[in-house]
Amino acid sequence: MNYSPVSKEESLEDASYASASLRGLSPSRRSWAGRTITILNVALFIASTALFLKSSNITNRQDWALEQVSYFSPLFTRLKIPFVAKVVQGDLFNEDNLLLRQYPSPEVDDAWEALTDVGVVIINKEEVVKLGKDPKKAVKAPPEWGSWLFFTLATCTLTAASGHGENSYLAQPDGQHALHCLNAIRKYAYREHYYPSQTTSPSSSHSPNLTSTSPLQPFHQAHLSHCLHVLLQTLTCDFSTDMITHNWMETQDYPFPDFAINKKCRDHSEILKWQAKERISVDMWIEMSKRGPQPGEEILKLPPKLKAWSQSDVTDGQSEKGH
């Protein structure tokens with residue numbers, strides 16, 4: 001297709017025609033058309049600005065990045081989780097004599113418990129649904145927890161329960177459960193200290209359904225297997241994309257990994273502070289056990305192997321059946 005340039009005369013004629021067309025309108029219609037165009041331009045400008053600000057606000061929120069790689073968490077609306085820069089302490093031997101790497105002792109146990117303690121908190125029905133769970137199956141907290149102070153006998157303190165009345169449900173941070181599992185595996189690794197009697201498994205004589213070649217008793221073997229699998233799923237789901245370089249090191253024939261890598265971490269200490277503030281008390285947890293399921297609340301059936309263990313006479317050192 002060929003195009004020919006528009007002459008200056010033709011261009012002026014077109015402009016004159018457009019001008020004449022406008023002049024052909026009555027003054028009132030020309031005024032109305034001008035106002036309409038102005039209003040539309042202003043509306044378009046306001047809408048564009050609003051969308052820009054909204055987009056900027058979303059992506060600049062501190063937890064926005066975390067939300068993109070999470071299914072859903074009530075934490076995002078209750079806590080601003082800061083990021084902190086850390087260097088991994090990855091020496092093969094405990095060169096700095098770090099407490100968390102030492103052989104079990106009361107001081108070591110206290111340090112691990114402070115990091116791995118799991119607190120039960122209150123969430124609402126909407127959050128339960130957003131977690132992909134059925135409110136009919138999730139355990140509800142007593143509605144009075146939303147407005148009553150709870151007295152803890154052990155510490156003689158009052159705990160304000162931040163519930164939601166009839167919409168109160170019990171929940172616990174998944175990250176803390178993963179850390180609990182890490183601590184459990186640590187204890188099984190030091191079995192001679194924590195479980196000195198765990199040398200032979202009584203499962204074959206007490207319950208044929210729980211037969212195992214593990215030196216651990218059925219509950220402990222199940223707990224260990226559960227925790228290993230939970231950590232496997234957690235680490236492969238939240239896979240670290242950081243990279244480890246290598247160094248030449250004396251006496252070593254092959255390049256040696258430099259595990260002291262730089263990481264950008266969620267500030268776990270802030271999450272622990274939030275959990276300590278929001279968790280229910282031990283007495284409140286005991287009250288839930290005494291209270292039990294209420295009329296209309298669904299009770300799930302035990303899986304076969306857990307049922308076999310619960311019906312056996314093997315306590316595995318557990319004072320209560322449950323986890």
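Reply:

**The disulfide and the other cysteines**

The structure holds one disulfide, a term used for a pair of cysteine sulfur atoms within 2.5 Å. This is a predicted model, in which local features need pLDDT of at least 70 and side-chain atom pairs count only at pLDDT 80 or more, while totals for chains, interfaces and linings use all residues. Residues are numbered from 1 along each chain as its sequence is written, and side-chain values use heavy atoms, with hydrogens and water left out.

The disulfide joins Cys 181 to Cys 227, with an S to S distance of 2.4 Å. Because the torsion about the S-S bond of Cys 181 and Cys 227 is about -65°, the disulfide is left-handed. Cys 181 belongs to helix α7 (residues 174-189) and Cys 227 to helix α10 (residues 218-237), so the pair ties together parts that are 46 residues apart in sequence. Helices here are DSSP runs of H or I with at least four residues, and strands are runs of E with at least two, numbered from the N terminus.

As to accessibility, both Cys 181 and Cys 227 are buried. Buried means under 20% relative accessible area, exposed over 50%, and partly exposed in between, with a 1.4 Å probe and protein chains only. Cys 237, by contrast, counts as exposed because its relative accessibility is 69%.
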